[in-house]
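Open the model in your viewer and keep the selection panel handy. We will go one stop at a time.

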Amino acid sequence: MKTQFPIYFILLIILIASCITPISDFEQVNTKSYFTIEASLTDQAGPHTVHLYMSSNQISGGYFQPVINANVTITDEKGTVETLSDPTQKGYYVTSSTFKGKVGSTYTLNIVTSDGRKYVSQPETMRAAPEIENLITKFEVEDIYAKGDPRRGGFNVYVDFQDFQTLGDNYQWYWRHYQKAYICEVCSNGYYDFRSNSCTFPRVPTDITLKYKCDGDCWDITYATSLNVFSDALLNGKRITGRRVARIPFDDITPYYLQFEQRSITQNSYNYYQSLVAQTQNNGTLFDVPAETKFSFNVKSTTNSSEKILGIFDVYAVKSKVFYIDRSVGIPAGETPTPNIVYGDVFSCPVGAVGCKEYVQCFQSSNRTPFKPVGWRD
Amino acid sequence: MKQKIPFLLFKYSILCSFLIIFSNQLLAQNTEFKLPQLSGRVTDSKTGEPVVGATIFIDYKKSGFITDTSGRFSIYLPKGEYVIKITNVGYNPFRSKVLLKDDTKFDVSLQDVSKTLEEVIVSSQATRRSIQTPSLGVTLLSIKGIKKLPAMMGEVDIIRSLQTLPGVSSVGEGSNGINVRGGNTDQNLIYIDDAPIFNPTHLFGLFSVFASDAIRELELYKGSVPSRFGGRTASVLDIKMTDPSLEKFKLSGGVGFVSNRVMAEIPIIKDKLSIVAAGRVSFNDFWFKLIGPDNMKNTRANFYDVATKVFYRPNKNNTFSLSTYISRDFYQVDSLFSLENVVAKQTQFTYGHVNISGRWSHYFNPKMSLEVVGVLSNYKTKTFAPDSVNRIELYNHINYKNVKANFDYNPNDRHKLNFGVSGINYQISPGRLNEDVQSRIATVLLPNEQSLELGVYVDDEYKASDKLTIQAGLRYAQFLNLGPTTARKYLEGVPRSTSSQISEETISSGSIEKAYGGFEPRIAVKYSLGENSTMKLGYNRMQQFIQILSNNTTPLPTARWKTADEYIKPQVSDFVSLGIFKNYKDNIWEVSAEGYYRKTQNVLDYISGANLQLNKTIETQVIAGQGKAYGLELMLTKKKGEVSGWLSYTYARSLQQVRGDFPELQQISDGNWYASNYDKPHSLNLMLNIQPTIHHSFSFTFAYNTGRPFSSPSGFFQLNNQKYPVYETRNNDRVPDYHRLDFSWTITNPSLKEKRWEGSWTFTVYNLYGRANAYSVFFKPYRGGLRPYQLSVFANPLVSLTYNFKFL
């Protein structure tokens, strides 16, 4: 008899769906701009920069109003004073190129703004940074991204090093990537104006994207995209292996130039960066910690003790090394690079055009440089 | 009602049927023309009295005809098949099909709604005792009622069901626990047969830990808490397990998407000794592998829970019971929630309870009885990373021991006394990392914490007059934090931190490090405004000596519990409430309005970026503040009948102010009051159960509430080419409003051959219209600034089918 029904339960549809979606109609409820200090001093050759600006009061766009004409000094424990200057008048105060920090020395940052507000940092002592022993690269797929997403395939880079025997070492890893640039400007719906050195856009869109070649050697710079800090609280004195420090895109199989830094940051910097990690990297889960900005962390106002200021005075020693990551090995079958394509037509002057320029100058900026990076192999 | 068909004589083949009908009609035409009569009598099923004025509807017509003074009716109708429906106010409607070929007599007995008890799903006054006691804010839920609510993924869930009641909410789907009248999740005292539950959910908050089969009923005290309960400031959820049948073997169970369940009631000695055992096992791994997205393929998540109860009644005056409850969860997740500052790719978690409670009830005489209860409870968590060199094994546990004796004494009709003593011993191991483990990761052993919580209490329910009843109680609670421990002293005038610590004092075993004590008055007054309406007023003070240390949106199952000490003071809450209750139509309808206000002192918050895990000096991470909550709850309940359910509207606020000892340095949101994570001012809940026949039951639940708060940035700044949001005030914005509709349809099929076997199918759709309700809003750097994102837990409808069975 067929009537004996199995007590099986048949599931019809399941759509497990926890999902994260960008919000398009967000309205900001509070707006406020704060005095911000981005100051760092390392044991490398100067100049070292203290950037003073007012933070943006918008969550996207807005701009950083530079704080100019301030008196900025860095004092060590012996009382030696280094005065910083702002040659560009853009709020970037720099030390002399000969000035550099020394492991074991203690530094204090002093700022007096043109309207008389005074800010003093806690004294921060520079700690030694251990040598980078080895970087290990592995091709790894990140399953959270769908097939075809350029973020799916990539190379994870892991660092090995020996922690010092003393407790209380804190590390930060940072990297820069340089890539030869052949196109120095892309103008969509417009063309390049060689007098103003920027794209100009006619009233009627051209519907054409033009790519302008560089006038000489030029490199695009990209930076570490996430904060990566670590404390030796649970691994003091041990060899630390397999700490992931970077993820390299699989957009080509050519060697990848990586200027890698291992920094020994102070306890204050570690605590500060850890809170930023919680706010921007470990969020979006069911278990987020309260989003809270640490104001006036190691720099405080002495003229108005309740003033909230942003940023940190970061003092660290650094070990830096250049690596070429081989992107042609260890790739499983079926995985191919997802090239980063910039669409458009390469601009070239029409034959016989008088006074036409087609090469754009490679200007030094935070993401482009005409200067050959350290250890570059052509 | 069985229908009698008078033409069974004509038992021909199907081919002949046309002819039969035809010839029959010919026969009818040849005889005298007469319509058949349908007649009958409608009576009350309990009393047998005639039901006068009941309406009989034929074939869904809008108008019908009524029964006479003797409950009789009759009508002439053409031959054929009819659907008849008989209704009367106060009775469950009756429906049937009738094949009318000849004069037919049709007697019906209707069920009086007010006498049916099983339909009760919820009562805001704990029906059984509502008339007698002045308690308010007490809700009784029967498990039968809870099973009627649409359950997410077919898993009957107490915690989720409670959230359909006014005053009970959570931060969102997947949150670990409930918030009762603006209280935190750890301010609820949850008991299963007197043993405490420290973590009420499985799977990081998706399902509650209570296997529903073994539960008889639960009482939620969100307002008046009798003085026999103490130790938590917001509410008491008292869950009672089924007393097993002493007469008959019973088996029940179910097969569902998430888990399989089975329960057996086994009488050992008839009328004396019996056992009930219920268990539930999940099989999620299977689903993760089969249909889970790629990033969940490595995820393992399983749980089980087992509850047993031995019930022994040697004689009329003594009963003994021994209840056990065991729950276990296991997860494996990739690089999620790992410890800070370790190198681990995969982390596994296990956690669970082992609870044992024994109870002896003795009846001295009709006026006096005694209950003695002993409880052992253990809640243990383990975090594990199976790595060859960077192995992690982290253990936490709480051991809880409790002995209490409780007397009930009713000297006369006017007084009902309840008094007793209770002693609790807590042993907490707040963290042991890599003890005797070969690993590069260091060994960190936090010292055990031990303490005693002692209580004596008395409650008198005094019936001052027919209209006025007063329940006055007093509890005295004494808390002792005991050595061995280390007492640290800090510099005066600066916030506590590792650098401001000046000395350490060792406190020997058994010595008292810190003692706290205080009286907790509990008063409730009931005043009858009329026959069916009452007004109640209550005041409570409650103290809480143990709390969870967690600054997450919802606590992780591995979060640390901490008892009060020198620096962490007990929470004290003062609560007043006022309620008006009215019943209509023999208790079928109930309307209630309750308002409340609560103020809580010594609520904990944490310094920005607090490190709560494996921290020996936890007092350096906490800041104390205060909380207040107030609200108004309106509820309309239809407790019985073909259509039952409730509609409630709640206005409720939950606010906190945290200034710490050094406001200038520690205060949160400039020291202003801010909304707590679960502050949802407006909520509306509708629950509807429709049971047209015993075979079918339909349920709908609808929930609406204001979106919960989140912190919205006031701009951004930049360091090292990275952009970061600036958060100036906490919880200054809200996620979009929440609303959701669920549906379930249960088909019970009793027509299987084996009559003791009863099966039912439940088809459930959770989030019927698939709204992507936001759990949180957060910000990530994106191009020239920040971009807001929304996290939704269940963004699509969840459809499931469950098979349940009973063998009685």
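Before the first stop, a word on terms: the domain bounds used here come from an automatic or database domain assignment. Keep in mind, too, that this is a predicted model.

**Stop 1: the domains of chain B.** Select chain B and colour residues 1–32 as domain 1, 35–115 as domain 2, 136–238 as domain 3 and 239–807 as domain 4. Now place a distance between the centres of domain 1 and domain 4 of chain B: taken over C-alpha atoms, they are 66 Å apart.

**Stop 2: the fold of chain B.** Switch to a cartoon view, where chain B shows 52 strands and six helices. Of its 808 residues, 45% count as buried. Among the contacts in chain B with a separation of 6 or more, 64% are made by residues 24 or more positions apart.

**Stop 3: where the chains meet.** Bring chain A back into view. Here 70 residues of chain A are in contact with 72 residues of chain B. On the chain A side, the elements that give two or more residues are β1 (19–22), β2 (35–42), β19 (229–231), β20 (239–249), α1 (267–280) and β23 (310–325). Select α1(A) next, as this helix gives the largest share of that side, seven residues. Colouring the chain A side by residue type gives 33 nonpolar, 29 polar and eight charged residues.

Stop 4: Which strand of chain B is joined to β1(A) by bridges? Select β51(B), residues 785–792: four bridges link this strand to β1(A), and the two run antiparallel. To finish, zoom in on Ile20(A), whose bridge partner in β51(B) is Leu791(B).

Key. Residues are numbered from 1 along each chain as its sequence is written. Chains are lettered from A and ligands numbered from 1 in the order in which they are written. This is a predicted model: local features need pLDDT of at least 70, side-chain atom pairs count only at pLDDT 80 or more; totals for chains, interfaces and linings use all residues. Two residues are in contact if their C-beta atoms, placed from the backbone, lie within 7 Å. Ala, Val, Leu, Ile, Met, Phe, Trp, Tyr, Cys and Pro count as nonpolar, Asp, Glu, Lys and Arg as charged, and the others, Gly among them, as polar. Two strands pair if DSSP finds at least two bridges between them. A residue is buried if 20 or more other C-beta atoms lie within 10 Å of its own, exposed if 12 or fewer, and partly exposed in between; C-beta atoms are placed from the backbone.
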